[in-house]
Amino acid sequence: MKKKYFITTAIPYVNARPHIGFALEIIQADVLARYHRIIGDDVRFLTGTDENSLKNVQAAEKEGISPQELCDKNAENFKYLKEVLNLSFDDFIRTTDKKHIAGAQKLWQACKKEDIYKKKYSGYYCVGCESFYMKKDLVDGLCPEHKTKPEVVKEENYFFKLSLYQNKLKRLIESGELDIVPKERKHEVLSFIEQGLQDFSISRSAKRAKGWGIPVPGDEKQIMYVWFDALSNYITALDYAGDQKLFKKYWPADVHAIGKGIIRFHAVYWPAMLLSAGLPLPKRIFVHGYVNVGGEKMSKSIGNVVDPVEMVEDYGTDALRYYLLREIPPTGDGDFKIEHFVQRYNADLANDLGNLVSRVANMVDRFFHGNLPEVEVETDYDLERINLLISQFRFNEALEHIYKIVKSANQCVEEEKPWELFAVKNIDKLAKVLTKLVVTIKDIALILEPFMPETSQEISEHFNKKKISKIDPLFPRIL
RNA sequence: CGCGGGGUAGAGCAGUGGCAGCUCGGCUGGCUCAUAACCAGCAGGUCGGUGGUUCGACUCCACCCCCCGCAACCA
């Protein structure tokens, strides 16, 4: 019986194009998914889009189309990442999908009756922003965006009794039953819980949401708070509201991959919702950091948003995958700089790996006309170590380790000097040396598969041919 | 005292109670199979500051300074 492995990413809003930060998240998840398939697990890898936001209504109005049309159009930008980034996700959930809407409502109803209650709420509401502000966020009592005086709006919403779950959540997280990686994030969540959990609003008035969103079951004047809606995607995608075949097979999630900005929703709200509904909790939450650009936070107003699609058009999928996985620390913040990208590309991909492959292919071609005699060789590198690092989410270190093997292969060429062996006609030794190099390259290709699937396949195919010919540069240098 | 992360070579980053390390860049050699690639070596650091624990602190503790996120709908 195969072990199942269910991994998810967060579902981003569709009102902006995918940026490099989300690319990091989904690529990390892809590495895990691919790795677990290789070790024989029954993998399901889910991603999708969060579409029930008021912003979509506003943007659609501007373009003169319906919110659904806008979402349909924008969701394509995210689905398209599958080709652009060579991702292996099996399912793509949209929060406007029928099965999602039904599932979110089912989850709402599955929550304990006493956990959901109505409460009057008042706040400062800016008509321009169509959102509430806390008093402390106002500038001289005015909306920071529109500089207008917000209305004091009183509204009755549904609340979730999060406070009830404080101790239970603390216990589950402390014990690691709900594991949060890395430890710093776990401590952060625990310290947040210890400060005391407040009940949170899980609905808003349908009028204020302009009717866009998932209606609260039994009360069409209210729609669900987007987080209640969005979080449920992890089970609605598994047909939680349908035949539950997938749900029974794959839930609970083995890993939720998320960014540090939404950890509270995943580590506190979501488990509490599941507890209330009597459903199993995810096993692990993997929290990555943010990708800054040139030392600054990526933002539209600064205009420094990096588009992964453009990067791939310019440099290729595997180059981007490699850079993000190697250069950005898996759980800390990283800095994206095109100069560093070029440096990594030239040094690691072109000079070390690409050139190794070229020189070895060329020597086999030149010295043996592509036909290596069969010889036994031994290798001495530790591939298990790399698997361990991947399973611990240490992608950068795993790649570093792989590159030690690449480096040692290049050293081996220098030490053995195959061209000299050829010159003195020491063919036995020459065959051994080149065979060892070919075996090493094939192993490198295999172990690289989760990180750079296309490159891995290209190398494997070339070196598994009966006749090994010269090969075109895998990564031409960027000048 | 709101929460969290960080300060190590020119740049980017690892790191561990016991000689400070990696990559890039710079310099010097070697090699010619290869994508002007590869290999060896050299230069470059008071490991943010102060105090403490210790035979010994970059590492542990305390305090301080500086940078960066978050502070309840941003991956």
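Visitor: Of the 55 residues around RNA strand B, which come nearest?
Guide: This is a predicted model, in which local features need pLDDT of at least 70, side-chain atom pairs count only at pLDDT 80 or more, and totals for chains, interfaces and linings use all residues. Residues are numbered from 1 along each chain as its sequence is written, chains are lettered from A and ligands numbered from 1 in the order in which they are written, and side-chain values use heavy atoms, leaving out hydrogens and water. A residue is near a molecule or strand if one of its heavy atoms lies within 4 Å of it. Of the 55 residues around RNA strand B, those that come nearest are Glu-25, Val-226, Gly-259, Lys-297 and Asn-355.

Visitor: How far is a polar backbone atom of Gly-354 from a base oxygen of RNA strand B?
Guide: Of the RNA atoms within 4 Å of the protein, 63% belong to sugar or phosphate and the rest to bases. A sugar or linking oxygen lies 2.5 Å from a polar side-chain atom of Glu-25, and one lies 2.5 Å from a backbone N or O atom of Gly-259. For Gly-354, the distance from a polar backbone atom to a base oxygen is 3.3 Å.

Visitor: Which element gives the largest share of the surface near RNA strand B?
Guide: Helices (H or I, at least four residues) and strands (E, at least two) are DSSP runs, numbered from the N terminus. Elements that give two or more residues to this surface include helix 1 (20-38), strand 12 (255-259) and helix 14 (338-368). The largest share, 13 residues, comes from helix 14.

Visitor: Which residue of strand 3 is the bridge partner of Thr-49?
Guide: Strand 2 (residues 42-49) and strand 3 run parallel and are joined by 4 bridges. The partner of Thr-49 in strand 3 is Arg-94.

Visitor: Is Arg-94 buried or exposed?
Guide: Buried means under 20% relative accessible area, exposed over 50%, and partly exposed in between (1.4 Å probe, protein chains only). The relative accessible area of Arg-94 is 11%, so this residue is buried.

Visitor: Which side chain does a polar contact of 2.6 Å join to that of Arg-94?
Guide: A polar contact is a pair of N or O atoms within 3.5 Å; within protein, one must be able to donate a hydrogen and the other to accept it, and residues adjacent in sequence count only if both atoms are side-chain atoms. The side chain joined to Arg-94 at 2.6 Å is that of Glu-51.

How values were computed
Pairing = 2+ DSSP bridges.
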